[in-house]
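This briefing looks at one strand, its neighbours, and a set of annotated positions. Please read it alongside the sequence and the structure shown here.

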Amino acid sequence: MKLHHDKHFAAYTKKLNAALAAAGLADVVTTEGALRKLLANVGSAGGRGGSAIADPALRAAIRNNGGGVHVNHQLFFRSMTAPGTSPAPSVVLSEAIDGGFGSFDKMRSAFSAAATGLFGSGWVWLAVDTAGGNRMVVTTTANQDVPYAAKAGVVPILGLDVWEHAYYVQYQNRRPEYVEAWWSVVDWPGVEKRYTEAVEENA
């Protein structure tokens, strides 16, 4: 993960900053919330879009590197903690998971199936569908697309990177093994915090 964080993540950050500067947005997009709002409107491959940025190359650079940095990779790294240090999901989070999937095991099964079955590179998310009664859902995005750019109201609270660079050094082509091992480092208190924030913002 050190290589993943210090090389890939850092490269996306540098390219995003350059694209924002070229678009004249470096002094405007100064918070994570501002970047999320921009990404939700800058357009995604096959998703909704519409942006005041006229240059399609700049839009693509912001979408690709912005999605890669402040949404996808940041949430991916924030979703994890040291192995064996995270408590089980709390009653509040467990009830929310049960409401969306029927049980924790069914959620985990659906998430893992999405992760192992996703073709090519992309991401898997446990998300709150704020437009659907705050129900929890599992969704996927390709490449660097962010979930709320594809569907309004979807707020990711747990994310898994299934690009090959995330697991190939240790697991080679054994993606299912990587996905299974990842569950042991999920930071459930962090997931609950993001769930609570998503619900409160939609209240």
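In which sense do strands E1 and E2 pair, and over how many bridges? In this predicted model, E1 and E2 (residues 135–142) pair in the antiparallel sense, over 8 bridges. E1 also runs antiparallel to strand E3 (residues 154–161), to which 7 bridges join it.

- Strand E1 spans residues 122–129 and is mostly covered, with 8 of its 8 residues buried.
- In a regular strand, side chains alternate between the two faces of the sheet.

**Pairing partners and the hairpin**
- Trp123 has Thr141 of E2 as its bridge partner, whereas the bridge partner of Val124 in E3 is Leu160.
- The hairpin of E1 and E2 has 5 residues between the strands, and within this hairpin Gly133 takes a positive phi near 75°.

**Annotated positions**
- An unreviewed UniProt entry places the feature "binding site" at His4, His73, Asp161 and His165.
- Asp161 is found in strand E3, and this residue counts as buried because its relative accessibility is 0%.
- A polar atom of the Asp161 side chain lies 2.8 Å from the backbone nitrogen of Trp163.
- His165 is found in the loop between E3 and helix H7 (168–171), and this residue counts as partly exposed because its relative accessible area is 21%, whereas buried would require a value under 20%.

Terms used: Residues numbered from 1 in each chain as written. Predicted model: local features only at pLDDT ≥ 70, side-chain atom pairs only at ≥ 80, totals over all residues. Heavy atoms only, no water. Buried < 20%, exposed > 50% of the residue type's maximum accessible area, 1.4 Å probe, protein only. Helix = DSSP H or I, 4+ residues; strand = E, 2+ residues; numbered from the N terminus. Pairing = 2+ DSSP bridges. UniProt positions renumbered as here; feature names shortened; annotations may be inferred. Polar contact = N/O pair within 3.5 Å; in protein donor to acceptor, adjacent residues only side chain to side chain.
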